[in-house]
Amino acid sequence: MRGEYKVPGGKLVAAEVEVDGGTFGSVHVSGDFFLEPDEALGRIDQALTGLPEDSSVDTMSAVVRAAVGPQAQLIGFDADAVAIAVRRAVGRATSWSDHTFEIVHGAAEEPTMQMALDQALTESVAAGLRAPTLRIWEWERNAVVIGSFQSYRNEIDEEAARAHDVTVVRRISGGGAMFIQPGNTITYSLYVPGSLVEGLSFERSYAFLDDWVLGALADVGVDAHYAPLNDITSPVGKIGGAAQKRMVATNGAPKLNGAVLHHVTMAYDIDANAMLQVLRIGREKLSDKGTTSANKRVDPVRSQTGMSRADVIEAFKKHFAGRYRTVAGQITAAERERATALAAEKFGTDDWLHRVP
């Protein structure tokens with residue numbers, strides 16, 4: 001079996017593994033990384049051979065570190081990357097090149113429907129009814145999207161939300177609040193099978209799934225990098241944040257195992273004063289930093305590219321299509337029917353919006 005792991009911002013690590021009687025009969029690690037001393041590669045292979053097939057990434061990482069020793073230089077990769085490649089081999093992981101991705105970029109949707117579409121399309125991928133998909137969002141109105149576990153009253157100033165004509169909705173993924181202004185925000189979702197992130201922790205899967213957009217940002221002149229846990233940032237400030245949800249079986253539906261929803265919102269040109277009036281926690285974060293006011297606008301993408309939002313999005317789509325195998329896609333009638341029901345029965349209800357008061 002073969003597994004691969006491309007280190008975000010680093011090199012590719014591949015592992016060819018034979019399993020014999022529940023243990024690794026042989027392991028051969030290769031890649032375009034740099035390693036000194038040369039003989040450390042053989043020590044890695046030997047150390048992993050004989051381990052139980054179900055060895056965790058943490059266990060294998062420790063074995064690799066012990067095998068190479070403290071003086072070895074692993075450049076462009078690390079012991080964790082080796083362990084992940086081996087884990088992906090025995091876990092039957094897929095790589096980006098194993099899939100053809102649909103790119104969906106449709107008309108503007110109202111906030112409740114956006115939340116519902118995210119769940120509906122993730123379910124479609126999980127059930128094998130949809131190929132892995134990149135969806136670019138268009139927003140129909142101002143919104144705040146709070147994380148699944150955030151407190152509504154702690155996050156939202158309702159009077160300010162009404163004054164700025166902001167609709168508040170709650171998504172199915174965790175993380176922090178997203179302040180949305182149509183035309184001033186870039187949002188996308190990736191819907192992928194669990195096999196694509198096989199062997200990756202939540203933390204590592206964020207960087208893995210966001211690696212392409214760092215390249216896309218570089219194409220338009222933005223010097224961006226990933227900042228753990230879930231931020232995309234640049235030398236002039238944060239650009240956006242990611243959130244993720246992994247689907248699990250519910251109501252006896254095992255075919256919903258393993259699909260991953262990964263979505264990102266970037267600030268193209270946000271009214272920071274409005275944002276800080278609506279979001280209570282935003283004020284506290286500034287207060288903690290000794291700051292009493294914000295710049296009038298938060299515009300890391302617009303100011304660094306000098307491009308229109310539409311042109312930036314087209315550049316993103318072009319980069320994704322140049323990097324992976326893609327086709328144009330659309331939301332199916334069945335998916336829209338499912339999303340419409342979810343919007344009415346779940347995402348548009350007070351019970352969901354105030355599930356954490």
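Guide: A salt bridge here is a side-chain nitrogen of Lys or Arg within 4 Å of a carboxyl oxygen of Asp or Glu. This is a predicted model, where local features need pLDDT of at least 70, side-chain atom pairs count only at pLDDT 80 or more, and totals for chains, interfaces and linings use all residues. Residues are numbered from 1 along each chain as its sequence is written, and side-chain values use heavy atoms, leaving out hydrogens and water.

Visitor: Why is the pair D80 and R204 called a salt bridge?
Guide: The N to O distance between their side chains is 2.9 Å, and the limit is 4 Å, so the pair qualifies. Across the interface of domain 1 and domain 2, the rule finds two salt bridges.

Visitor: What makes domain 1 and domain 2 separate domains?
Guide: The bounds, 2-90 for domain 1 and 97-354 for domain 2, come from an automatic or database domain assignment. Their C-alpha centres lie 34 Å apart.

Visitor: How do you know that residues of the two domains are in contact?
Guide: Contact means heavy atoms within 4.5 Å; 10 residues of domain 1 meet that rule with 10 residues of domain 2.

Visitor: What makes about 810 Å² the buried area between domain 1 and domain 2?
Guide: Buried area is the accessible area (1.4 Å probe) that two parts lose on being put together, summed over both, so the value of about 810 Å² covers both domains. Carbon and sulfur atoms give 50% of that area. In domain 1, Y5, P8 and R88 lose the most, together 57% of what that side buries.
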